Number of protein chains: 2
Amino acid sequence: MPLTVLPIKSTLKKEQFDLFESLVTDLENSSMVPLEGDVLVISSKYIANSQGRVLEYNKVMPSFDAEKIGKKFRMKPTIAEIILRESDIIFGGIPGFVITSSDNIMAPNAGIDKSNTKSGTIVLYPNEPYLVAEHLRRKFLLKFNVHVGIIIADSRLMPGRVGTVGVAIACSGIEPTSDLRGEKDLYGNSLKVTFQAVADDLASIANLKMGEGSDATPCVLVRDSNAILTDRKIREDEMAISYEQCVYVRGLGMRI
Amino acid sequence: MPLTVLPIKSTLKKEQFDLFESLVTDLENSSMVPLEGDVLVISSKYIANSQGRVLEYNKVMPSFDAEKIGKKFRMKPTIAEIILRESDIIFGGIPGFVITSSDNIMAPNAGIDKSNTKSGTIVLYPNEPYLVAEHLRRKFLLKFNVHVGIIIADSRLMPGRVGTVGVAIACSGIEPTSDLRGEKDLYGNSLKVTFQAVADDLASIANLKMGEGSDATPCVLVRDSNAILTDRKIREDEMAISYEQCVYVRGLGMRI
């Protein structure tokens, strides 16, 4: 079966809302019924909005560190303060952007985003995205009696590239990476770089269909993806490698 | 129409071969006829193989610089020599891997790859991938009278992530990025991070279906992708940003 990607449209919501009920309504309005093995890729911003993770940034009081970072990277101290609060590590950056890490997710500006929210407000990363993904998966199982995969996806720049691709910030119900270490290549050699980022690949498919603009497609249904279904709890660190092992973190910033 | 992704299987080829004829045969064997607007995503390694870009690495004579890099990053001096020859910039790395840039493409180890080739040999990046993509596009137009998009794709690690996603190393016939700068978001704000990496997203879809192992799926046909068709020549630098502007290159390697 060919893989198919079906965009699920929604409506603009200005307040917190029930995520599962909203997804069910959107699926019904698209005349879609989830089938066993379908993967729902949902925008992280949609989930953050459902949680009310929206902040009026001018009401934030910047700390001394935020003033310093704001000056160094030419960003508002209030924005720098939010980035500081939301991130575990700040690596460095360019004017307007710093690279941060929050809960094992590397992102420009801790994933906070001023688009698709009221002027003067900012959307933060969702709270406990793995828990949200797992709860959604169980609710779909109870209501539709099917095992679906859930991916919470954001858009992300890649090094040296123009434009955003998708990245999975959490998932449930599917194996997030496929481990090919036991496999042989066409010539019978053992494979060396041996993981495929299945959840990130699916997030990129969704990125293509979601758009960043006003077209309000917060969810995409992927059918026949061949992603491996699982009931086990996916750990937060399974899609991430430690920065000590990352060729970009260790390799960039210096030239030979 | 939902987007659909159709894998096109091929057969193992041990020598140089005619790329277009081979793709036509593979499409016929899959009972597929390309339609107007279809995008063919083709593995860069398949193209390199068609060009005979395969090297016996033990026959390479390492230079003094290659010996130095080999020592620093614990790789064979012969491999380091090939990486040096194939890359314009070497940033730095970790044992076994350096981050390089070749023709505006950032890649670990200049994109050279020891898997899916005879033991003792290495597959280089294809020669003139943009020209290859454009020639393929024209041949499909002449034979099938349809405008197809061509993407030459490789798999690539993202910073801090486990597993590979897809990256477009060249394309023709489609706009490689969608420019959303004129567009407004749901609230009428102008969008800020405003490009979508359409070709990279499509390369990731293909990455999911191609596999890295012995399953020999060097080509994937994407139908109804909504990628914008174009006859203009795509420039080598359109999908790349300068490293001076790249938040990863400038931001990683230091911690605040």
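This is a predicted model: local features need pLDDT of at least 70, side-chain atom pairs count only at pLDDT 80 or more; totals for chains, interfaces and linings use all residues.

Residues are numbered from 1 along each chain as its sequence is written, chains are lettered from A and ligands numbered from 1 in the order in which they are written, and side-chain values use heavy atoms, with hydrogens and water left out.

**Stop 1: aromatic pairs.** Over all chains, the structure holds eight aromatic pairs. Rings of Phe, Tyr and Trp (its six-membered ring) pair if their centres lie within 6.5 Å; planes under 30 degrees apart count as stacked, over 60 as edge-to-face and the rest as tilted.

Select A:Phe91 and A:Tyr243: this pair is edge-to-face, with 5.2 Å centre to centre and 90° between the planes. A:Phe91 lies in strand 4 (residues 89–94) of chain A and A:Tyr243 in the loop between strand 12 (219–223) and helix 7 (247–251), so the pair ties together parts that are 152 residues apart in sequence. Helices (H or I, at least four residues) and strands (E, at least two) are DSSP runs, numbered from the N terminus.

Are these two buried or exposed? A:Phe91 is buried, at 1% relative accessible area, and A:Tyr243 is buried too, at 9%. Buried means under 20% relative accessible area, exposed over 50%, partly exposed in between (1.4 Å probe, protein chains only).

**Stop 2: over to chain B.** Pick B:Phe17 and B:Tyr46: the ring centres are 5.0 Å apart and the planes sit at 50°, so the pair is tilted. B:Phe17 is in the loop between strand 1 (3–8) and helix 1 (19–29) of chain B, and B:Tyr46 is in helix 2 (residues 44–50), 29 residues apart. B:Phe17 is buried at 16%, and B:Tyr46 counts as buried at 9%.

(A charge sits over a ring if NZ of Lys or CZ of Arg is within 6 Å of the ring centre and within 35 degrees of the ring normal.)

**Stop 3: back to chain A.** Select A:Lys13 and A:Phe17: the charged end of A:Lys13 sits over the ring, 5.1 Å from its centre. Next, show A:Phe20, A:Phe140 and A:Phe144, a cluster linked by ring pairs.

Stop 4: Click A:Glu128, a residue other than glycine with a positive phi near 45°. A:Glu128 is exposed, at 56% relative accessible area.
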